[in-house]
Amino acid sequence: MTHLQQPIAVIGATGQQGGSVVDALLAQKQAVRALVRDTESAGARALRARGVEVVVADQENGESLRRALTEVAALFFMTTFEGADGTEGETRRGVTVADAAARAGVPHVVYSSVGGAERATGIPHFESKHRVEQRLVEVVPAKFVRPTFFMENLAPQLADGGSGELVLRLPVAGDVPLQMIAVRDIGAAAARLLIDPDAIDGDAVELAGDELTMAQVADRVASELGRPTRYEGLPIDVLGDDEDMRAMFRWFTTVPAYQADFDVTRHLVPDVRDLAAWVSDQGRGARRD
């Protein structure tokens with residue numbers, strides 16, 4: 001893979017997705033500039049120790065972003081709807097980043113959106129990401145990685161069922177197929193596009209490494225971890241009054257919901273993980289700990 005002369009900027013480098021992008025870029029010996037709110041946080045110090053340039057910038061402050069994005073080869077960022085201002089805040093922050101990137105003359109941007117963002121799902125946090133996509137298209141050359149369900153989101157839903165058994169619980173029927181991707185592979189795909197934006201045709205790729213029902217997920221977990229595992233579907237009412245999450249889990253049942261391109265995913269990430277490989281990785285990590 002070609003090295004770019006200038007650093008690649010990463011917003012969210014101390015988080016899960018941004019961190020996976022940093023890992024993939026550093027593995028390619030690519031210079032990285034992390035944009036963080038606090039350059040003395042533990043996460044920022046850890047990045048510096050790995051040779052990452054760390055600079056101050058805030059997604060709420062366009063001028064700080066513009067300064068931090070001067071003379072970079074590319075930018076990766078994602079947005080989140082977590083916080084008091086929800087999806088409105090997510091869109092506002094995303095637009096602020098897009099406009100700052102344009103003012104700074106960033107050659108191209110890779111934005112991590114969500115699978116289905118462009119398909120008018122009606123899911124609030126999918127629609128907010130699509131609005132960010134739309135703004136990016138207006139102001140700067142951009143590519144979009146659209147991840148499907150994160151494999152990492154399964155782990156917190158695994159509970160001890162007693163007698164050595166694990167129980168996986170989610171508010172979706174056990175026979176509904178769901179496409180999924182490991183965060184590490186989102187980072188690898190984004191890194192490939194940051195360095196080589198022509199690696200895909202068009203401006204977006206929906207990413208997945210596997211497609212399984214939750215019953216099949218339980219079987220994979222049992223096989224890889226050597227522990228009996230069963231799936232227990234929950235009623236959607238467990239989500240309470242969270243209309244965003246309720247809309248997403250209802251959408252999961254409208255098969256096909258996610259519509260990933262497995263071939264293009266594998267083109268970007270030749271060793272993309274299926275669920276069994278991901279679970280095996282988690283098991284090895286737990287044993288190391």
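**Close-up views of a predicted model**

**Glu71 sits in the loop that links helix H3 (62-68) to S4.** Everything shown here comes from a predicted model. The backbone at Glu71 has a positive phi of about 60°, even though the residue is not a glycine. The Glu71 side of the story is an open one: with 58% relative accessibility, the residue counts as exposed.

**Ala120 is another non-glycine residue with a positive phi, near 50°.** Look for Ala120 in the loop that runs between strand S5 (109-112) and helix H5 (124-139). Its relative accessible area is 64%, so Ala120 is exposed, the cut-off being over 50%.

**A cis peptide bond joins Val255 to Pro256.** Omega is near -5° for this bond. Pro256 belongs to the loop between helix H8 (243-252) and helix H9 (262-268).

**The largest nonpolar core gathers 37 residues.** Leu25 and Leu268 have the most contacts inside this core. Several elements give two or more residues each: strands S1 (8-11), S2 (32-36), S4 (74-78) and S11 (204-207), together with helices H1 (16-27), H2 (42-49) and H6 (183-195). H6 makes the largest contribution, with eight residues. As a bit of background, nonpolar side chains in soluble globular proteins tend to be buried together.

**Leu268 and the residues it touches.** Setting aside neighbours within four places in sequence, Leu268 is in contact with Ala189, Arg192, Leu193, Ala199, Ile200, Val205 and Leu207.

**Zooming out, the protein chain has 10 helices and 13 strands.** Its radius of gyration is 19 Å, close to the 19 Å that the globule rule gives for 289 residues, so the chain is as compact as a globular protein of that length. The C-alpha trace spans about 55 × 40 × 35 Å along its principal axes. Of the contacts with a separation of 6 or more, 74% are between residues 24 or more positions apart.

In the protein chain, 51% of the 289 residues count as buried. The accessible surface comes to about 12,800 Å², and carbon and sulfur atoms account for 47% of that surface.

Terms used
Residues are numbered from 1 along each chain as its sequence is written. This is a predicted model: local features need pLDDT of at least 70, side-chain atom pairs count only at pLDDT 80 or more; totals for chains, interfaces and linings use all residues. Side-chain values use heavy atoms; hydrogens and water are left out. Helices (H or I, at least four residues) and strands (E, at least two) are DSSP runs, numbered from the N terminus. The radius of gyration is taken over C-alpha atoms; the globule rule is 2.2 Å times the number of residues to the power 0.38. Buried means under 20% relative accessible area, exposed over 50%, partly exposed in between (1.4 Å probe, protein chains only). Contact means heavy atoms within 4.5 Å. Accessible areas come from the Shrake-Rupley method with a 1.4 Å probe; for residues, only the protein chains shown count as cover. A nonpolar core is a set of buried Ala, Val, Leu, Ile, Met, Phe, Trp, Tyr and Cys residues joined through side-chain atoms within 4.5 Å.
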